[in-house]
Amino acid sequence: MTDEPTDIDKMPFEEALAELERVVRALEEGEGGLQHAVDLYERGAKLRQRCEDELRAAQARIEAVAANAAGEAVSAQPLDLE
């Protein structure tokens, strides 16, 4: 992971997801002490939220353009993030 945190709110989805995976791996491996683990966990929670927000926005865009043959909007199944 980088020493200088990137602004999570400006990260592209793919970058946020890759960093989230690194955070999870670091937590699983027990890197550093307790404070480091807490800091990693907090960053991971923010990264997870960023990824969820991006996925929800993408789903909303897809739902907005999905249409049946008559041109009526089609209801898409909600994305299950759990």
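Biologist: Before we start, what does "buried" mean here?

Modeller: Happy to explain: this is a predicted model, and relative accessible area sorts its residues. Exposed is over 50%, and partly exposed is in between. Buried means under 20%.

Biologist: Which residues of α1 are buried?

Modeller: Let's walk along helix α1, which covers residues 13–29. The buried ones there are A16, E19, L20, V23 and A26.

Biologist: Within what arc do the buried residues of α1 fall, seen down its axis?

Modeller: An α-helix has 3.6 residues a turn, so residues three or four places apart point the same way. The buried residues of α1 line one face of the helix, because they fall within an arc of 125°.

Biologist: What do those buried residues of α1 pack against?

Modeller: Start with the other side: the face turned away from the buried side carries the exposed residues E14, E28 and E29. The buried residues themselves pack against α2 (34–65).

Biologist: How far apart are the end C-alpha atoms of α1?

Modeller: Helix α1 has 17 residues, and at 1.5 Å a residue it should span 24 Å. The model agrees with that, as the end C-alpha atoms are 24 Å apart.

Biologist: Is R50 buried or exposed?

Modeller: You will find R50 in helix α2. Its relative accessibility is 17%, so R50 counts as buried.

Biologist: Which residue has its backbone oxygen 3.4 Å from a polar atom of the R50 side chain?

Modeller: Leaving aside neighbours within four places in sequence, R50 is in contact with I8, D9, K10, M11 and A16. One of these sits 41 residues away along the chain, with its C-alpha atom 6.7 Å from that of R50. The backbone oxygen at 3.4 Å belongs to D9.

Notes. Residues numbered from 1 in each chain as written. Predicted model: local features only at pLDDT ≥ 70, side-chain atom pairs only at ≥ 80, totals over all residues. Heavy atoms only, no water. Helix = DSSP H or I, 4+ residues; strand = E, 2+ residues; numbered from the N terminus. Expected span 1.5 Å × (residues − 1). Buried < 20%, exposed > 50% of the residue type's maximum accessible area, 1.4 Å probe, protein only. Arc of directions from axis to C-beta. Contact = heavy atoms within 4.5 Å. Polar contact = N/O pair within 3.5 Å; in protein donor to acceptor, adjacent residues only side chain to side chain.
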